[in-house]
Amino acid sequence: MPEKNLRELFHETLKDIYFAEKKILTALPKMAKAAQAGELKAAFDQHEEETQEHVTRLEQVFAEIDQTPRGKTCDAILGIIEEGQEVMKEFKGKPALDAGLLAAAQAVEHYEIARYGALRSWAELLQLDDAEELLEQTLDEEKETDLLLTQLAEERVNIKSA
Ligand SMILES: [Fe+2]
């Protein structure tokens, strides 16, 4: 693939995940508020702080390719967040609510992991060293969050929902 094309793809995908992170920032407080288990609330609160940092890092990546930070509508994340909101409505006050919230949050994380994984590889190919490092940091945090959510699901929340 000629470098120019990969650079464009990198920029387009950066806009996609920038839009997604900002949407996630608005969704997380609602999920924290809806969560029943204290640990799950805490996990959502912590990830909200991390997500703010992810947005800042993306702005630094835009700077490295001399672009103004700008989002592009990401239908995938809108759909995933919408499904989470449906779970909140349908399972409000029910024992399975937290299990549903956890699953919704993991769908978000998996989307982000896919995007950051691709962006990190492309940054490497494009020899954007600072961008590669920033994207790797965020990728690691998304993976850690995913692991934490899995632990919560297996240890507590699913047991209570059963
Ligand atoms: Fe993120």
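Me: Which residues of H3 meet residues of H4?
Reply: This is a predicted model, where local features need pLDDT of at least 70 and side-chain atom pairs count only at pLDDT 80 or more, while totals for chains, interfaces and linings use all residues. Residues are numbered from 1 along each chain as its sequence is written, and side-chain values use heavy atoms, with hydrogens and water left out. Helices (H or I, at least four residues) and strands (E, at least two) are DSSP runs numbered from the N terminus, and contact means heavy atoms within 4.5 Å. On the H4 side are Leu97, Gly100, Leu101, Ala104, Ala107, Val108 and Tyr111, and they are met from H3 by Ala76, Ile77, Ile80, Gly84, Val87 and Met88.

Me: How are H3 and H4 oriented, roughly parallel or roughly antiparallel?
Reply: Axes are lines fitted to C-alpha atoms, for helices over the stretch in contact, and angles run from 0 to 180 degrees between N-to-C directions. H3 and H4 pack at about 175 degrees, with axes 9 Å apart. Angles under 35 degrees count as roughly parallel, over 145 as roughly antiparallel, 65 to 115 as roughly perpendicular and the rest as oblique. H3 and H4 are therefore roughly antiparallel.

Me: What is the hand of the crossing of H2 and H4?
Reply: The axes of H2 and H4 (residues 97-125) are 13 Å apart at an angle of about 20 degrees, which makes H2 roughly parallel to H4. A crossing is left-handed if the near helix is turned anticlockwise from the far one by less than a right angle, and right-handed if clockwise. For H2 and H4 the crossing is left-handed.

Me: Which residues of H2 make the contact with H4?
Reply: H4 contributes Asp98, Leu101, Leu102, Ala105, Glu109, Glu112 and Tyr116. From H2 come Leu40, Phe44, His47, His54 and Leu58.

Me: How many residues apart are tyrosine 18 and phenylalanine 62?
Reply: Both tyrosine 18 and phenylalanine 62 are buried, a term for under 20% relative accessible area, with exposed over 50% and partly exposed in between (1.4 Å probe, protein chains only). Tyrosine 18 belongs to H1 (residues 3-34) and phenylalanine 62 to H2 (residues 38-64). The pair links distant parts of the chain, the separation being 44 residues.

Me: Which residue lies over the face of phenylalanine 91?
Reply: A charge sits over a ring if NZ of Lys or CZ of Arg is within 6 Å of the ring centre and within 35 degrees of the ring normal. At 6.0 Å from the ring centre of phenylalanine 91 lies lysine 94.

Me: What is the phi of aspartate 66?
Reply: Aspartate 66 is in the loop between H2 and H3 (75-90), and counts as exposed at 70% relative accessibility. Its phi is positive although the residue is other than glycine, with a value near 55 degrees.

Me: With which residues is alanine 43 in contact, leaving aside its neighbours within four places in sequence?
Reply: Alanine 43 lies in H2, and counts as buried at 9% relative accessibility. With those neighbours left aside, the contacts of alanine 43 are Leu148 and Leu152.
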